[in-house]
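Student: I am new to this structure. Can we go through what some of its labels rest on?

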Amino acid sequence: MWIYGLPIFCAAAASLLSIVRVVAFDEVVSVSAATAAVASSILIMFLPNAVSPEIFVDGLSKIMLLTISVIYLTTTVFSITYLKYVENPLLKKRIYYLLLNLFVLSMLFSVTVANFGLIWFAVEATTVTSALLVALDNNQVAIEASWRYVIIVSTGLVISLLANILLFAASGTLDAGTLRHITVSGHLLALAAALAIIGYGTKAGLFPLYTWLPDVHGNAPSPVSALFSAVLLPVAVFAIVRFLGVVSDPGPRRLLFVLGVLTLGTAALILTVQRDLKRMFAYSTIENMGTILIGVSLGGAGAVGAIVLLVAHGFAKSAAFYLSGNILSRYKTMRISSIRGVHRTMPVTGMTLFFASLAVSGAPPFGTFVGEFMILSAVFAHYGPAAAVLVGAFIAVGFVAVNARVTAILFSPAHGERRERGWVGVTVPIISTVLSFGVIAFVPSIEKLVSGAFGL
Amino acid sequence: MSATYSITGFIIIVLGLFLQWQVYVSRIVFTFAASSIVIAVWFAYQGIVTDSYSPIVLAVLTAGVRGTLIPILIVRNLHVTPWRARENNPVMGTASSIVLSLVLVIFSLWLFRWSIGRYVGATGVYAALPFAMLFQGAFLIISRRNAFIQMVGYLELENGVLLLGAWGFPQLPLLIEAAIVLDLLGVVVVARIIMRMREESLSIDDRAVAEAALSEDMRG
C-alpha cells in the first residue's frame with residue numbers, strides 16, 4: 001500500500017530539503033523529486049486500485065496523480081529560468097520552492113486520501129500553501145489578488161465543509177471505500193452535494209464564484225498560474241466528482257449542468273473583451289472548467305470526455321502560461337495591444353504559443369478537441385440539439401476570441417531585435433504542448449481507467 | 001445537555017450580534033475570542049458528561065487555537081499598524097447592520113427548519129444556532145472593508161460549522177475536527193502575512209486619512 005504514497009513522499013521530501021542553504025540545491029531537489037513523482041505515478045498506473053481506510057486510489061486518482069506530477073515537473077524546471085526575471089521577489093528562492101513543493105504535496109494528498117473530510121482539508125491546504133506564491137511579484141495588485149484569493153476561496157470552502165458534515169449526517173461515514181458501496185438517497189444528501197458543488201466550485205472557477213480567478217491568474221508568476229490552471233482547479237473538480245459518486249438523486253447533477261453552462265457562457269462572452277494576455281488565458285480556463293463540469297454532470301461518455309479535456313487542457317494551458325511568462329520577461333507588459341510581432345522577436349515562443357492557444361481553445365488534433373467533441377455528443381444525447389448548439393456556440397465564441405488575440409500579438413509588425421529565451425524557457429512549453437496533442441493516443445486508456453471510477 | 005446548550009446558544013447569539021455593531025478591530029477580535037472560549041467550555045462540558053475524550057481534545061484545541069492563539073496573532077498585527085485599528089468606511093451603517101443581523105438570525109432559524117432540521121429531527125430555536133453563526137460571519141465579511149474584520153468574519157463562519165459538527169453530529173471523527181482547527185491556523189498565519197503586506201503597500205495618503213479618522217474618533 002505504501003507505494004501509492006510515493007508521489008506524496010517525493011513532494012514532502014523536496015519540501016523539507018529545499019530549505020537547505022546550498023546554492024541551487026532547492027532547484028535540484030525539486031526537479032529530482034518531481035521526476036521521481038512522475039516515475040512513481042507511472043508505476044501506480046499499472047498497479048491495481050487501492051482501497052483502505054487511509055488511501056483510495058482508483059482510475060480517476062491515477063490519472064490525477066500522473067497529471068499533477070507531470071505538471072509539477074515542467075513547472076519546477078520552468079521556474080529555474082523564470083525566477084531569474086522576477087525583479088523584486090517577495091520570497092527567497094528556497095522559500096518559493098518550499099511552498100511550491102508543499103502546494104503540490106497538498107494536491108497529491110487530496111487525490112489519494114480516502115476520507116472526504118481529509119480531501120476537504122487538503123483542498124483548503126492548497127490555499128494556505130499557494131497564497132504567498134501568488135504575491136511573488138511583490139506589488140500592490142498581486143498582494144490584493146492574493147488577499148481576495150484567500151478570503152473568497154476559504155469562505156467558499158467553508159460551504160464544502162458544511163457539505164461534508166451533512167454527508168456524514170446522511171450516511172454515517174466519510175470514508176470513500178465505504179461510501180462507494182452504499183447508495184444513500186434523500187434530501188439531506190442532495191443538499192450536501194449541492195453545497196459541495198458550490199463550495200468546491202468556488203475553487204474550480206464555477207459561475208458566479210470565479211471572481212478571484214482572473215485576478216490571481218493575471219497577477220501570479222507564470223509557473224504558479226500554470227499550476228493553478230492546469231491542476232489546482234481540476235483537483236477541486238475531483239472533489240466535486242467524488243461527492244457526486246455518493247448521490248443517487250439526479251438534482252445535483254442537473255444543478256452542475258446548469259452552472260457548467262452558465263460558467264462556459266459567461267467566460268466565453270467575457271473572453272471577447274479581454275485586453276490582458278494572462279487574464280484572457282484565465283477566462284479560457286474558466287471556460288474549459290465549465291465544459292468539464294458539463295461533461296462530469298452527464299456521466300458516461302460525457303465524463304470520459306471531461307477527463308480527456310481536463311488532462312489535455314492541463315498540459316496546453318500550462319504551456320500557454322509558461323509562454324506568457326517568456327513574453328512578459330521580454331515586453332514587460334501583458335497588455336495585448338502593446339505586445340506586437342512576437343513571431344519575429346521571439347520566434348520559438350511565438351510559434352509554440354500559436355499551437356498552445358489552438359490547443360487550449362479545443363482545435364483538432366489536440367486532446368482538448370476530442371474531449372470537447374465527446375462532451376458535445378453527450379449533451380446532444382441527454383438534452384437534445386438545442387442544448388448542444390448552445391454549448392457548441394459558446395465553445396466557438398471562446399475559440400475565436402482566444403485565437404484572434406493570439407494571432408494579433410504574433411503576426412503583427414515587429415519592433416525591436418530578435419531575442420529568444422534560453423533553451424529551458426522554450427523547451428518546456430514545447431513539451432507541454434506536444435503532451436496536449438499526445439493525450440489523444442491515450443483516450444482508450446483514459447476511458448478504461450475512468451469506467452467504474454468512483455463518481456463518474 | 002440541552003439546557004447547557006441553550007445557555008451556550010444564547011451567549012453566542014448575543015456575542016454574534018455584538019460583533020456587528022463594533023467598529024474597533026480589537027473589540028471584534030476579543031468578542032470572537034470570547035465566543036470561541038464559550039464554545040470550548042461547552043465542548044469540555046459535553047466531554048465530562050458523556051465521559052468521552054474527543055470533546056475534551058476539541059475543547060483544548062478550540063480554546064488554544066481559536067480562543068487564544070489566533071486573536072493574539074491578529075491583535076499583535078494591530079499594534080504594528082494602529083491606524084488600521086477601526087473600520088473607517090463600512091459598507092453599511094451600524095444601525096442597518098444591527099437590524100439586518102437580527103433579521104439574519106430569524107432567517108437562519110427558518111432556513112435550518114426548512115433545509116436540515118426536519119431531516120436530523122431538530123427544529124428548536126437553538127438547533128439553528130450554528131446556522132445563525134454562519135450567516136453572522138458571512139454578513140461580517142460582506143458588510144466590512146477592513147481586512148482584519150473580514151478575517152474575523154471568516155473565523156466566525158468556521159466556528160458555526162465546527163459547532164454544527166460537534167453539536168449535531170458528535171460521532172464525527174475527531175481527526176476531521178482537529179484538522180479543521182489546525183488548517184484554520186494556517187489560513188490565519190498566511191492571511192496575517194498578506195494583510196501586513198497590504199498595509200505596507202497602501203499609499204501614504206490613505207494612511208493619513210485613516211490616522212486622522214482615528215484621532216478624531218478618540219477625541220470625540
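Tutor: Start with two helices of chain B. This is a predicted model, and in it α5(B) and α6(B) are roughly antiparallel to each other.

Student: Why are α5(B) and α6(B) called roughly antiparallel?

Tutor: Look at the angle. The axes of helix α5 (residues 129-143) of chain B and α6(B) cross at roughly 165°. Angles over 145 degrees count as roughly antiparallel. The two helices are therefore given that name.

Student: What is the distance between the axes of α5(B) and α6(B)?

Tutor: The axes come within 7 Å. The crossing of α5(B) past α6(B) is left-handed. By class, their contact has 16 nonpolar, 6 polar and 1 charged residues.

Student: Which residues touch the most other members of the largest nonpolar core?

Tutor: A:Leu166, A:Val237 and A:Ile240 do, in a core of 254 residues. Helix α6 (residues 140-171) of chain A brings the largest share, 21 residues.

Student: What makes A:Ala196 a contact of A:Ile240?

Tutor: The cut-off is C-beta atoms within 7 Å. A:Ala196 meets it with A:Ile240. Beyond four places in sequence, A:Ile240 also contacts A:Ile197, A:Tyr200, A:Gly201, A:Ala204 and A:Val296.

Student: How many residues does each chain give to the contact between chains A and B?

Tutor: Chain B gives 30 residues and chain A gives 30 residues. On the side of chain B, α7(B) gives the most, with 13 residues. By class, that side has 21 nonpolar, 6 polar and 3 charged residues.

Technical notes. Residues are numbered from 1 along each chain as its sequence is written. Chains are lettered from A and ligands numbered from 1 in the order in which they are written. This is a predicted model: local features need pLDDT of at least 70, side-chain atom pairs count only at pLDDT 80 or more; totals for chains, interfaces and linings use all residues. A nonpolar core is a set of buried Ala, Val, Leu, Ile, Met, Phe, Trp, Tyr and Cys residues joined through C-beta atoms within 7 Å. A residue is buried if 20 or more other C-beta atoms lie within 10 Å of its own, exposed if 12 or fewer, and partly exposed in between; C-beta atoms are placed from the backbone. Helices (H or I, at least four residues) and strands (E, at least two) are DSSP runs, numbered from the N terminus. Two residues are in contact if their C-beta atoms, placed from the backbone, lie within 7 Å. Ala, Val, Leu, Ile, Met, Phe, Trp, Tyr, Cys and Pro count as nonpolar, Asp, Glu, Lys and Arg as charged, and the others, Gly among them, as polar. Axes are lines fitted to C-alpha atoms, for helices over the stretch in contact, and angles run from 0 to 180 degrees between N-to-C directions. Angles under 35 degrees count as roughly parallel, over 145 as roughly antiparallel, 65 to 115 as roughly perpendicular and the rest as oblique. A crossing is left-handed if the near helix is turned anticlockwise from the far one by less than a right angle, and right-handed if clockwise.
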